[in-house]
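Here are my notes on the model, as numbered points. Please read them with the structure open.

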Amino acid sequence: MKQSRAEVIAFVGGQILPHEADVRAWLVRTGGAASDVDDIIQETYCRLAGLDTVSHIRNGRAYFFRTARNIAIERIRRARIVRIDCVTEIDALNVMDDEPSPERIVAGRRELRQVQRLIEGLPQRCRQIFTLRRIHGLSQREVAARLGVSENVVETQSIRGLRLVLRALTQTPSQACRSADQGHDLVPVRKRDR
Amino acid sequence: MTSFQSAKEIDDEAAQWAVLIDGRGLGAQDDPKLQLWLAGDPRRAGALLRAQAAISLLDRGRALAGVEAAPVTGGARLFGRRGLIAGLGGVGAAALVGGVGVWASRPQRLDTQLGEVRRVPLADGSLVAINTKTALDVTLGARSRLVTLRRGEAWFQVAKDPQRPFVVSAGKVRVRAVGTAFSVRRGEGTVDVTVSEGVVETWIEGQPGSRRRLAAGAGVLLAGPISPVIVKSPAEIERGLAWRNGEIALDGESLGEAAAQFNRYNSRQILIEDPRLAQERFVGLFRTNEPESFAAAVATSIGAKVSEDERYIRLSLNE
């Protein structure tokens, strides 16, 4: 049964996107370069975009880890030089599949804090617009009227804000604090020597 | 691909499209320029999904915090963080109750006025969306979670907790869930249960044979023990729950049914004065509190005549 696009978007927003920073951090830990990590994450969303339905996915977090892992393994297989530590690290992830879905109780609160953090991290103008539009549910036109600006300004600021939000979503809260003033590029963390 | 874009460049373009679609409505999704952009690189579809999902994630903040529409007055003060934080305060307090393991056992009364829709997070992490003219009592105990639907309609997204079953009672009808989402509506002598996620068990008190399980995609209108189960598509269920966003989604309903839907939310009632007109089918998405725009849309698309006064919006055939 095909689901509507809106349902898939809502699923990805609620069950996949909130875990992106963790998946990225894990990929970086296993030795992935920042650009590889970007590509693996993007490929994961591409696969989701190609699905007719997401109703078979019971645990979004586990699905995200598993898909990223499969993509990483495919990439390693295609690459000429295989780094052994990548494969072992990635295989160790098998346990992830069995990880119980985090309790909704905690998830709800954490999600709310995440949304709060994302909006508070925006520059003043964007934040006003996002608060009115997303939290209070005003239309673009109503936001423009409320702030006494044109709809065009609201749109431009929304695009700017969404770009910042998309970048912020790549970082876990602790990373976000550390690199708040250093732009948004991920710094690959060197793995411990074996 | 010769001019190879980085993932970040694609993300930036996707953000632009996501905002355009969000601001201009779903029609923008069919924009040929968008289709051209998507066709240019297979990665773009994924990036667009991610950008739209980010918007949806931010919207979930509203749902979770139970923030209602912004007050009309209040001016610039609203634009700070106050709105969001005020909304979060309630959740923080609720979370605190859950965190220390003390469950409120006194029933909590939740109700809505005509035309009002509220989303309320419960202390156990569940979420209730409450439709127009509804009253319910919530009792969160150590062994069970009970909701008594006094009247109206509500949708429940239940936090998983196998130790404490979540039971909704509506008259003699009971609906039990462990971790799932479903809606219950009390009508005249009937109770409509629709499951959007997971499985629920329904039964009628005092009728042992009435117990049955309903999975996602199923609905039942319980009037007696042999009520048939109605299978609904996810899209149909989602459409039926459009009220959670203050919307009425019509997809081929008759004007009579549509009018009845609007009349649930507004004191200004829609009257369809000709039975032939009431049979006409209609498609569209409207705000629950704007019966006038519905009437205007009917007038232009079907060619009906609208006359309005304080209490009624009358639709008649244009003879």
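1. Chain B first. Chain B has eight helices and 18 strands. Helices (H or I, at least four residues) and strands (E, at least two) are DSSP runs, numbered from the N terminus. The model is predicted: local features need pLDDT of at least 70, side-chain atom pairs count only at pLDDT 80 or more, and totals for chains, interfaces and linings use all residues. Residues are numbered from 1 along each chain as its sequence is written, chains are lettered from A and ligands numbered from 1 in the order in which they are written, and side-chain values use heavy atoms, with hydrogens and water left out.

2. Overall burial and surface. Of the 319 residues in chain B, 48% are buried. Buried means under 20% relative accessible area, exposed over 50%, and partly exposed in between (1.4 Å probe, protein chains only). The accessible surface of chain B is about 15300 Å², and carbon and sulfur atoms hold 52% of that. These areas come from the Shrake-Rupley method with a 1.4 Å probe; for residues, only the protein chains shown count as cover. Among contacts in chain B with a separation of 6 or more, 46% join residues 24 or more positions apart. Contact means heavy atoms within 4.5 Å.

3. Aromatic pairs. Rings of Phe, Tyr and Trp (its six-membered ring) pair if their centres lie within 6.5 Å; planes under 30 degrees apart count as stacked, over 60 as edge-to-face and the rest as tilted. This rule gives eight aromatic pairs over all chains. B:Phe262 and B:Phe286 are edge-to-face, because their ring centres are 6.0 Å apart and their planes stand at 65°. The pair links distant parts of the chain: B:Phe262 is in helix H6 (residues 255-263) of chain B and B:Phe286 in strand E16 (residues 281-287) of chain B, 24 residues apart. Both B:Phe262 and B:Phe286 are buried. Ring pairs also join B:Phe156, B:Phe166 and B:Phe182 in a cluster.

4. Charges over rings. The charged end of B:Arg211 sits over the ring of B:Trp203, 4.3 Å from its centre. For B:Arg244 the ring is that of B:Trp155, at 4.1 Å from the centre. The test is NZ of Lys or CZ of Arg within 6 Å of the ring centre and within 35 degrees of the ring normal.

5. The E3-E4 loop. B:Thr134 lies in the loop between strand E3 (127-130) and strand E4 (135-140) of chain B. Is B:Thr134 buried or exposed? Its relative accessible area is 0%, so B:Thr134 is buried. Leaving aside neighbours within four places in sequence, its contacts include B:Leu110, B:Asp111 and B:Arg151. The B:Thr134 side chain also reaches the backbone nitrogen of B:Glu153 at 3.0 Å. B:Lys133 is in this loop too. B:Lys133 is not a glycine, yet has a positive phi of about 45°. Most residues other than glycine have a negative phi. At 45% relative accessibility, B:Lys133 is partly exposed.

6. Helix H9 of chain A. H9 (residues 151-168) has 18 residues and reaches 25 Å from first C-alpha to last, close to the 26 Å expected. The expected span is 1.5 Å times one less than the number of residues. Buried residues in H9(A) include A:Ile159, A:Leu162 and A:Leu166. A:Gln157 is in this helix and is buried at 16% relative accessibility. Beyond neighbours within four places in sequence, A:Gln157 is in contact with A:Arg125, A:Cys126, A:Ile129 and A:Phe130.

Definitions and conventions: A polar contact is a pair of N or O atoms within 3.5 Å; within protein, one must be able to donate a hydrogen and the other to accept it, and residues adjacent in sequence count only if both atoms are side-chain atoms.
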